[in-house]
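Colleague: I am new to this structure. Please pick one part and take me through it closely, along with whatever surrounds it.

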Amino acid sequence: MNSDKVLDAKGLACPMPIVKTRKAMNELQTGQVLEIHVTDKGAKADLAAWSRSGGHELVETAEENDILKFWIRKG
């Protein structure tokens, strides 16, 4: 999956991944994709809910070596 920006939020606990995601999304144009890397398992539900509530699209998720990866398209 191609992304326009990558956010490293590994090692951060809730709510910091969401706070950093919101800040990074504000820097993107509509239609661009943010790739987020987190280690907090709670971020899976948090980022999905945050994407929906903000009008963004959670395009894809993956897990690689205990790192959760998310791709969110800005709405």
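Modeller: Start with contacts. Apart from neighbours within four places in sequence, Ser51 is in contact with His56, Leu58 and Ile72. Keep in mind that this is a predicted model. Ser51 sits in helix α2, which covers residues 43-53. Is Ser51 buried or exposed? Its relative accessible area is 1%. The cut-off for buried is under 20%, so Ser51 counts as buried.

Now look across to Ile18. In sequence, Ser51 and Ile18 are 33 residues apart. In space, their C-alpha atoms are 9.8 Å apart.

The other helix is worth a stop too. Helix α1 takes in residues 16-26, and Thr21 has its place there. Thr21 is buried, with a relative accessible area of 0%. What does Thr21 touch, once residues up to four places away in sequence are set aside? The list is Leu7, Leu34, Ile36, Leu47, Trp50 and Ile72. Ile72 is also among the contacts of Ser51.

Next, the strands. Take β2, residues 33-38. Six of its six residues are buried, so β2 is largely enclosed by the rest of the structure. Its side chains point two ways. Val33, Glu35 and His37 point one way. Leu34, Ile36 and Val38 point the other way. All of them are buried.

Which strands pair with β2? One is β1, residues 5-9, and the pairing is parallel, over five bridges. Leu7 has Ile36 of β2 as its bridge partner. Both Leu7 and Ile36 are touched by Thr21.

The other pairing to follow is with β4. β2 and β4 run antiparallel and share six bridges. Here Glu35 stands opposite Trp71 of β4.

β4 itself spans residues 67-73. Five of its seven residues are buried, so this strand too is largely enclosed by the rest of the structure.

β4 also pairs with β3, residues 57-64. That pairing is antiparallel, over seven bridges. Within it, Glu63 has Leu68 of β4 as its bridge partner. The two strands form a hairpin with two residues between them. Asn65 takes a positive phi there, near 50°.

Step back to the whole chain. How many helices and strands does it have? The count is two helices and four strands. From the N terminus on, the order is β-α-β-α-β-β. Of the contacts with a separation of 6 or more, 67% are between residues 24 or more positions apart.

Then the overall dimensions. The C-alpha trace spans about 30 × 25 × 20 Å along its principal axes. Why does the chain fit the picture of a compact globule? With 75 residues, such a globule would have a radius of gyration near 11 Å, and the chain has 11 Å, which agrees. Of the 75 residues, 36% count as buried.

Last, the surface and the charges. The accessible surface comes to about 4300 Å². Carbon and sulfur atoms account for 48% of that area. The chain carries 11 positive and 11 negative side chains. The centres of these two sets lie 5 Å apart.

Technical notes: Residues numbered from 1 in each chain as written. Predicted model: local features only at pLDDT ≥ 70, side-chain atom pairs only at ≥ 80, totals over all residues. Heavy atoms only, no water. Rg over C-alpha atoms; globule rule 2.2 N^0.38 Å. Buried < 20%, exposed > 50% of the residue type's maximum accessible area, 1.4 Å probe, protein only. Contact = heavy atoms within 4.5 Å. Areas by Shrake-Rupley, 256 points an atom, 1.4 Å probe, with all protein chains shown as cover. Lys, Arg positive; Asp, Glu negative; His and termini not counted. Charge placed at Lys NZ, Arg CZ, Asp CG, Glu CD. Pairing = 2+ DSSP bridges.
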